[in-house]
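Take a walk through the structure below.

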Amino acid sequence: MGRWGLGAPADVPDWRRDQFQAPEAPPMPRIGPGQRNVKVPQQCVGKILGKMGASVNEMQAQTRCDIKMNQDTKEHGYSFAVITSVEDLDACEKLILDLLCLVVGVAGELRSALASLRPATPRAWASSTRRSSGPSRC
């Protein structure tokens, strides 16, 4: 079998069997009261942060939330935006998801998350992220 196959061959000693198992994804970042995780595709982290932090700073100013990107899982293709606020976590999460929808398009996972939220996208993001040369991948 290959390295990540269905298991280790019978002649492999026990002390080497872990080399034949697929690596596990790290756990989600721990959050406390007043915090929330938003899963972000790794290729879109740069768009969420923006040039020199412009996008994330604008979102933080609008919602009075703190946003930190936890990239412990970037090898697995995604990262987490950890939102901290004493006021309204929903507004900040909504801005992040709206930006992802503009950049990536509404995927199944994002569509279900946005189903209960009313879409309202800042004009500056809408005009800066739309491209006429085919679909964008961030």
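**Starting at a glutamine**

Glutamine 60 is buried, with a relative accessible area of 18%. Here buried means under 20% relative accessible area, exposed means over 50%, and partly exposed lies in between, with a 1.4 Å probe and protein chains only. The model is predicted: local features need pLDDT of at least 70, side-chain atom pairs count only at pLDDT 80 or more, and totals for chains, interfaces and linings use all residues. Residues are numbered from 1 along each chain as its sequence is written, and side-chain values use heavy atoms, leaving out hydrogens and water.

Glutamine 60 sits in helix α2, residues 54-63. Helices (H or I, at least four residues) and strands (E, at least two) are DSSP runs, numbered from the N terminus. What does the side chain of glutamine 60 make a polar contact with? The partner is the side chain of asparagine 57, at 3.3 Å. A polar contact is a pair of N or O atoms within 3.5 Å; within protein, one must be able to donate a hydrogen and the other to accept it, and residues adjacent in sequence count only if both atoms are side-chain atoms. Leaving aside neighbours within four places in sequence, glutamine 60 is in contact (heavy atoms within 4.5 Å) with Cys65, Asp66 and Ile67.

**The sheet**

Asp66 leads on to the strands. Aspartate 66 stands opposite threonine 84 in β3. Strand β2 and strand β3 (residues 78-84) pair in the antiparallel sense over 5 bridges. Two strands pair if DSSP finds at least two bridges between them. Strands of a sheet pair through backbone hydrogen bonds, either parallel or antiparallel.

Now take the whole sheet. It is open, has 3 strands in the order β1-β3-β2, and its pairing is antiparallel. The edge strands are β1 (35-41) and β2 (66-70), each pairing on one side only. From one strand to the next, the twist averages 25°. Helix α3 (residues 89-104) lies across β1, β2 and β3, and runs at about 0° to β1. Axes are lines fitted to C-alpha atoms, for helices over the stretch in contact, and angles run from 0 to 180 degrees between N-to-C directions.

The structure holds 1 aromatic pair. Tyrosine 78 and phenylalanine 80 form it, edge-to-face, at 5.6 Å centre to centre and 85° between the planes. Rings of Phe, Tyr and Trp (its six-membered ring) pair if their centres lie within 6.5 Å; planes under 30 degrees apart count as stacked, over 60 as edge-to-face and the rest as tilted. Both tyrosine 78 and phenylalanine 80 are buried.

**Charged pairs**

How many salt bridges does the structure hold? There are 5. Each is a side-chain nitrogen of Lys or Arg within 4 Å of a carboxyl oxygen of Asp or Glu.

One of them joins arginine 36 and aspartate 90, at 2.6 Å from N to O. This pair links distant parts of the chain: arginine 36 is in strand β1, aspartate 90 in helix α3, 54 residues apart. Arginine 36 is partly exposed at 24%, and aspartate 90 is partly exposed at 40%.

Another salt bridge joins arginine 64 and glutamate 87, at 2.8 Å. Arginine 64 lies in the loop between α2 and β2 and glutamate 87 in the loop between β3 and α3, so the pair ties together parts 23 residues apart in sequence. Arginine 64 is exposed, at 60%.

Aspartate 98 and lysine 94 also meet in a salt bridge, at 2.9 Å. They are 4 residues apart in helix α3, which means about one helical turn separates them. Is this pair buried or exposed? Both aspartate 98 and lysine 94 are buried.
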